[in-house]
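Subject: Handing over the structure

Hi,

Here is the structure I promised to pass on to you. Have a look at it first, and then read on for what turned up in it.

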Amino acid sequence: MRGAFATLFLSIVFLVLPALAARAMDIQSVTSSKGVTAWLVEDYSVPVVAIRFVFGGGSTQDPPGKEGLANLMTGLFDEGAGPLDSEAFQIKLDDAGGEMSFDESRDGIYGSMRMLAEQRDEAFDLLRLAVNEPRFDQGPIDRIRAQILSGIIASENDPDTVAQNRWARAIYGDHPYSRSDQGTRQSIAAITPDDLKALHKAVFARSGLHIAVVGAIDAGTLKKKLDMVFGDLPQNQTLAPVADIEPLLGQHIEIGYDLPQTSLQLAYPGVKRKAVDFFPAVLMNEILGGGTFTSRLFQEVRERRGLAYSVNSSLVNQDHADALIITTGTRSDRAAETLGIVRDVIKRLAEEGPTEAELAATKKYLIGAYAINNLDSSSAIAATLVELQLDDLGIDYMQRRAGYINAVTLDQVKAAARKLLSAEPTIMVVGPPLAGAGKG
């Protein structure tokens, strides 16, 4: 039944993907009688409802020695809830034609569900059980724990995983951001059902909850569903405090592997989402290496020299840290050359800034690509609306966004480039020893 739902869902959605993105969305703020608020986009072009929600507090809430707790917990919500054990819950979920998933980030526990509109009562009832009454039975715990442990063991010899763990420790020290979300062999083995229940109780409360719903459901019906699923949760979370941290820059990390391709990663200062220079930094990053074929890094590293298949830069915003991260991979015998070119491009942008033509083209792209990148399905819209809530940007942000971008001046982008790109970065090289690191 789950496969049949997926096939039906994809077949009808891809026929209508542009429908919401092509017109201005009417986003309603809906508050239930118990005070649960969600953003709703009604759309009846397909008989599907998608819900996305997040509770603040993710893997940063893993207690010391119990790293991987949040990750393990998210694998268990559809493994039995209320009166239904794992098998019974899965059968009910298939019969209801729903798809349910939970996942964690460093700063949140996310949940999603897609359902056929005609079976939404059954689907929402299962979501209610999962959110309020997860069983955390020992059998499913042991099975999901074994799956995670298998991944941990396999990743111990994976260069990318080893490197990213080393990277996190280097730039975040002993902060919770430095820990692996999956945990370690020892920490996973130490987790008990009581640990899972305690984390669920601490995190699943209405004060840290953000919800978005998109699809064939009206506001009145949604209010009742919000109360049913979330209305009986405690009001306040009991989260452990997490400090803000600035990534530690100025380091050079070489992780030796005999590989034909070397991976390069650089960290520069970031900018907070609510900072006045956020949009100048966004435009600057897009010009530098934001993923388009016209970015300076793409042109210099790939198009002109063929040194890498991909090279990109991204602004990373988390609740407690911000950074600008640049990544690429190249032939190991040309890694030093590639790193030097990357640093030359960065230095030139920091010193000279972009051109007026680059800025104008980037503004046009960022405005035009937003719907394609963020609003191409009901699930994508719901996810975007949740992130807007997390960033406290307001329900009319999509209407205001183009104005923010168009208001940015060339001088502001040049200032952002100087501010972020003049620092000495932390650089990680994964591959054979690097000769002549090319500072640029």
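Strands here are DSSP runs (E, at least two residues), as are helices (H or I, at least four), and both are numbered from the N terminus. Before going further, please keep in mind that this is a predicted model, in which local features need pLDDT of at least 70 and side-chain atom pairs count only at pLDDT 80 or more, while totals for chains, interfaces and linings use all residues. Residues are numbered from 1 along each chain as its sequence is written, and side-chain values use heavy atoms, with hydrogens and water left out.

**Around strand 3**

Val30 has Ala38 of strand 2 opposite it. Strand 2 is also joined to strand 6 by four bridges, this time running parallel, with Trp39 opposite Ala212.

Strand 6 (residues 209–215) in turn pairs with strand 3 in the antiparallel sense over seven bridges, and there Val49 stands opposite Gly215. Strand 3 also pairs with strand 5 (residues 108–116), antiparallel over nine bridges, with Arg52 opposite Ser112.

How many of the nine residues of strand 3 (residues 48–56) are buried? Nine of the nine are, so strand 3 is largely enclosed by the rest of the structure. Buried means under 20% relative accessible area, exposed means over 50%, and partly exposed is in between (1.4 Å probe, protein chains only). In a regular strand, side chains alternate between the two faces of the sheet. In strand 3, Val48, Ala50, Arg52, Val54 and Gly56 point one way, Val49, Ile51, Phe53 and Phe55 point the other way, and all are buried.

Helix 6 (residues 138–155) has 18 residues, which should span 26 Å at 1.5 Å a residue; its end C-alpha atoms are 25 Å apart, which agrees. (The expected span is 1.5 Å times one less than the number of residues.) Its buried residues are Pro140, Ile141, Ile144, Arg145, Ile148, Ile152 and Ser155. They cover an arc of only 125° around the axis, which puts them on the same side of helix 6; the arc is that of the directions from the helix axis to the C-beta atoms. These residues pack against helix 3 (69–74), helix 4 (86–95), helix 7, helix 8 and helix 9 (193–203).

Ile188 lies in helix 8 (residues 185–190) and counts as buried because its relative accessibility is 1%. Leaving out residues up to four places away in sequence, Ile188 touches Glu67, Gly68, Arg145, Ile148, Ile152 and Gln182, where contact means heavy atoms within 4.5 Å.

Strand 8 (residues 261–269) and strand 10 (residues 322–331) pair in the antiparallel sense over nine bridges, and Pro269 stands opposite Ala323 in strand 10.

**Cores**

The largest nonpolar core has 58 residues, and Met284, Leu288, Leu324, Ile326, Leu385, Leu388 and Leu421 have the most contacts inside it. Helix 13 (residues 335–352) gives the most to this core, with nine residues. Apart from it lies another core, of 54 residues, among them Leu84, Met113, Leu196 and Phe204. A nonpolar core is a set of buried Ala, Val, Leu, Ile, Met, Phe, Trp, Tyr and Cys residues joined through side-chain atoms within 4.5 Å.

Happy browsing!

Notes
Two strands pair if DSSP finds at least two bridges between them.
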